Amino acid sequence: TVSRAIKKMGFSGGISELRYSISINKSPSEDDHEKKNEDIGNVNQILAKSYRECMYTIDNIVITDILKVIDFIKSANRIILCALGSSAMVAQEFQEQLLMLGYTPILMADEVWLKRSNLVKQNDLVFIITLNTRPVLFDMANRAKHTGAKVVTCVCKEGTSLQGISDITIIGHTENIVNTSIMSQTSRLSLMIITRTITEYLALYE
């Protein structure tokens, strides 16, 4: 507790740095101190966003839905992961983890392929990872349902058209990471939490 308090006061080296500062009677100027306090506050705001994403996502997760998804994965002939944009990076990591567990998931992260593909067959599992509904993902889910495949969606918005068509929908919470004139980016942390929960259960208990 003392170490954390000292570090929050700006002494990143902890108690040893504080002792050294006292021994040479050197303390940060008032301006430097105010700047450090401001910097600390800014970092705390960023950490608070990550904390909210984790807590809200965990609160939203229905445990029985996670267990149903795991049953779908185990019984599926094939697992087809669908994602676009930055969400595809989450899907790629999920694919790699499933591969290490002995499954053979197919990743579809190209809009042209998603539009043209008739890959999905009966008894497959279509697993969609996205922040929000996108028409091409909805169309993919719709075709999958008509072939008799199961559809699971991990999404960060309640009440989407994808949710209405999916067998199971797991809702995450997301926040803007950066929203400036230079760039805009929304967090995928909740999607990582959901996929990590699934693969860790498979690794430990199946």
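Student: Where does Gln122 sit?

Tutor: Gln122 is in the loop between helix 6 (111-116) and strand 3. Helices (H or I, at least four residues) and strands (E, at least two) are DSSP runs, numbered from the N terminus.

Student: And what is Gln122 in contact with, leaving aside its neighbours within four places in sequence?

Tutor: Asn77, Thr147, Gly148 and Ala149. Contact means heavy atoms within 4.5 Å. Take Gly148: it is 26 residues from Gln122 in sequence, but the two are 4.7 Å apart in space, C-alpha to C-alpha.

Student: Before I go on, what sort of model is this?

Tutor: It's a predicted model, where local features need pLDDT of at least 70 and side-chain atom pairs count only at pLDDT 80 or more, while totals for chains, interfaces and linings use all residues. Residues are numbered from 1 along each chain as its sequence is written, and side-chain values use heavy atoms, with hydrogens and water left out.

Student: OK, another Gln then. Is Gln95 buried or exposed?

Tutor: Buried, at a relative accessible area of 17%. Gln95 is in helix 5, and it touches Leu81, Pro105, Ile106 and Leu107, not counting residues up to four places away in sequence.

Student: Switching to rings: how many aromatic pairs does the structure hold?

Tutor: Two. Rings of Phe, Tyr and Trp (its six-membered ring) pair if their centres lie within 6.5 Å; planes under 30 degrees apart count as stacked, over 60 as edge-to-face and the rest as tilted. Phe94 and Phe127 have ring centres 5.0 Å apart and planes at 55°, so that pair is tilted.

Student: Which parts does the pair of Phe94 and Phe127 tie together?

Tutor: Phe94 lies in helix 5 (residues 87-100) and Phe127 in strand 3 (residues 125-129), so the pair ties together parts that are 33 residues apart in sequence. Phe94 is buried at 0% relative accessible area, and Phe127 is buried at 0% too.

Student: What about a pair of Tyr rings?

Tutor: That's Tyr201 and Tyr205, also tilted, at 5.1 Å centre to centre and 50° between the planes. Both lie in helix 9, four residues apart, about one turn of the helix. Tyr201 is partly exposed at 27%, whereas Tyr205 is exposed at 57%.

Student: Which residues of helix 4 meet helix 9?

Tutor: Ile66, Leu67, Val69, Ile70, Ile73 and Lys74 in helix 4; on the helix 9 side they meet Thr197, Ile198, Tyr201 and Leu202.

Student: At what angle do helix 4 and helix 9 cross?

Tutor: Roughly 65°, with the axes of helix 4 (residues 63-75) and helix 9 (residues 189-205) coming within 10 Å. Axes are lines fitted to C-alpha atoms, for helices over the stretch in contact, and angles run from 0 to 180 degrees between N-to-C directions.

Student: Last one, the whole chain: how many helices and strands?

Tutor: Nine helices and seven strands. Buried residues make up 35% of the 206 residues.

Conventions: Buried < 20%, exposed > 50% of the residue type's maximum accessible area, 1.4 Å probe, protein only.
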